[in-house]
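My notes follow in the order I checked things.

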Amino acid sequence: MQWIRLAGVATCAVVLAACGNGTNGAVTTGQRATTPTQPPATSTDAAPPGPAPATATAPAPAIAADASVGAKLRPTLALTDLAQIGGALGGPTFGEENPEQQDSVGLRERAPRTPEASGDGALDRGTVRRPAPDRLQRFAGTRGDSEPPDAIGAIGPQQFVLATNDTLLILGRDGTRLVDQPLGKFWESAGGRCATNPRGDPALIYDEDASRFVLTQFAFSSGAEDPDARETFQCLAISDSADATGKWSVTSFRWGDRFHDYPKIGLAPGAYALTAYSTLPDGRSLTRLALIDREALLAGPGTAPRVQTFDVGPGWLPLIPADVDGTPPAGAPAVFAGISDDNWSDGTSQADEVVIVQVPVDFTAAVPVPRVIRLPAATFDSTLCGGKLECIAQPDTTQRLDALGFYSMSRVPVRVAADGSTSLVLAADVQADSENRAGVRWFEVADPYGTPSITQQATFAPDDGISRFIASPAVDSAGNLAVAYDVSGPGLYPGVRYAARAPSDPPGT
């Protein structure tokens, strides 16, 4: 869960990523932040030229994979009907998180990181910038949410959908509020744990190919139950059309014991891919992965989508499922991506790397066999504030914000170009300099479904004393790349900015 005490900031950052699926060929370089047009001045700041050599492994899983048939899909009422119920929408309090439920938080406090001695190998100070167009729309989100709000958004042709731990908000593209209701009410027709104990942490995408919104969150029992023995369920919903105010279909599946945090969802070829983060009893980190039969989900109520759950062994911090924009090649695998830092104190990484996991999509197979590919990267340091939660300064208070250091950020778009080529963009929060100032490290990876290679990378961190963190990348059909991110600093109140680059710009800028 994103432990950031700022309800509006993370919300706005995902808007650009959700809008990044468009087909407009114009460059979307936007101020507030702007984009450099020249590479860093010195060769030590530049990323290594050419593709990086990759190593591939197929590690033994830490937990036995499971292929099972989930509960049948059930229809909901139209959300506009739910919104008219008014006071009847009340229910249990959702998203109220206790520190002992934050396995990822606990791990970070138990396992401080060590700083990178050699500095950032692809630092982009952004000394040359060009003017950029302003935002298209600005409108109110939601207030009075839980801490953290864990805000996430996705945009379709008619609406922008915003989900937080407590709230489901549907806005017209002009900001008109169409639905504003407790998120927990949404899951009542799913039955089971999702109806009785939804606990927030939503993840949300818009499936352009099927014209549907897809929403997921976890559910587990509350109270003083031992987190190590907790049973986690994942709730899943898909809209019946591109109109998010209409009916949805809902279901759930059991995702195993222990608390599964930080769930993320993406569109894979033939499946919806999910990840969640957990820890083993010995304290090692673990990313759980799942594939859900997309065809069955799209068929609607009465079907029972097949679900495959598995992992890639212990020692991994969160991987994010790739989310496809365009039509992927036939037979392409599901792809998951993340970073690996040689300074992590658990000793699982020996180099700074991008990690790509390819999983064949085959729901007739009992156990999917993942292929892990490690791509050496220019040096970076994800050890912001030594792994502590409260890190980023803001004015007029001693309260600091969580930079989510060493987490990979969502979304991870895979753009399929007109010629059939594919590229993946991944972002993470890293150390900009020695003063615990956050910068955005972004990577572009060519051919993520085949033989991946890093084609460009940089840490965007202009020398202005400002932290940039919780980034969300997007790529349009013309190849323009944009990154939205939060900003804050001792003299700057928290806010949202975005920067972009055109395909013709020098690499790594």
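I began with one ring, Phe-218, and its cover. Phe-218 is buried, at a relative accessible area of 0%. I keep in mind that the model is a predicted one.

Next I looked up its partner. Phe-259 also counts as buried, with 0% relative accessibility. I then went through the aromatic pairs and found 12 in the structure. Phe-218 and Phe-259 make one of them, in edge-to-face geometry.

Where do Phe-218 and Phe-259 lie? Phe-218 is in strand 10 (residues 212–219). Phe-259 is in the loop between strand 12 (248–257) and strand 13 (261–268). The two parts are 41 residues apart in sequence, so the pair ties them together.

I checked a second pair, Phe-460 with Tyr-485. This one is tilted, with 6.2 Å centre to centre and 55° between the planes. Phe-460 belongs to strand 24 (residues 453–460) and Tyr-485 to strand 26 (residues 481–489). The pair links distant parts of the chain, 25 residues apart. Are Phe-460 and Tyr-485 buried or exposed? Both are buried.

I also noted a cluster. Ring pairs join Phe-186, Trp-187, Tyr-206, Phe-213 and Trp-248. A charge over a ring turned up too: Lys-264 lies over the face of Tyr-262, 3.7 Å from the ring centre.

I looked at each face in turn. Ala-203, Ile-205 and Asp-207 are buried on one side, Leu-204 and Tyr-206 on the other. Both faces of strand 9 are therefore covered, given that buried means under 20% relative accessible area.

Which way does strand 9 pair with strand 10? The sense is antiparallel, over 5 bridges. Ala-203 has Thr-216 of strand 10 as its bridge partner. The hairpin of strand 9 and strand 10 has 4 residues between the strands. In this hairpin, Ser-211 takes a positive phi near 55°.

Last, I took the overall values. The protein has 5 helices and 27 strands. Of its 509 residues, 59% count as buried. Among contacts between residues at least 6 apart in sequence, 65% join residues at least 24 apart. The protein exposes about 18200 Å², and carbon and sulfur atoms supply 53% of that.

Definitions and conventions:
Residues numbered from 1 in each chain as written. Predicted model: local features only at pLDDT ≥ 70, side-chain atom pairs only at ≥ 80, totals over all residues. Heavy atoms only, no water. Phe/Tyr/Trp six-rings, centres within 6.5 Å; stacked < 30°, edge-to-face > 60°. Buried < 20%, exposed > 50% of the residue type's maximum accessible area, 1.4 Å probe, protein only. Lys NZ or Arg CZ within 6 Å of the ring centre and 35° of its normal. Pairing = 2+ DSSP bridges. Contact = heavy atoms within 4.5 Å. Areas by Shrake-Rupley, 256 points an atom, 1.4 Å probe, with all protein chains shown as cover.
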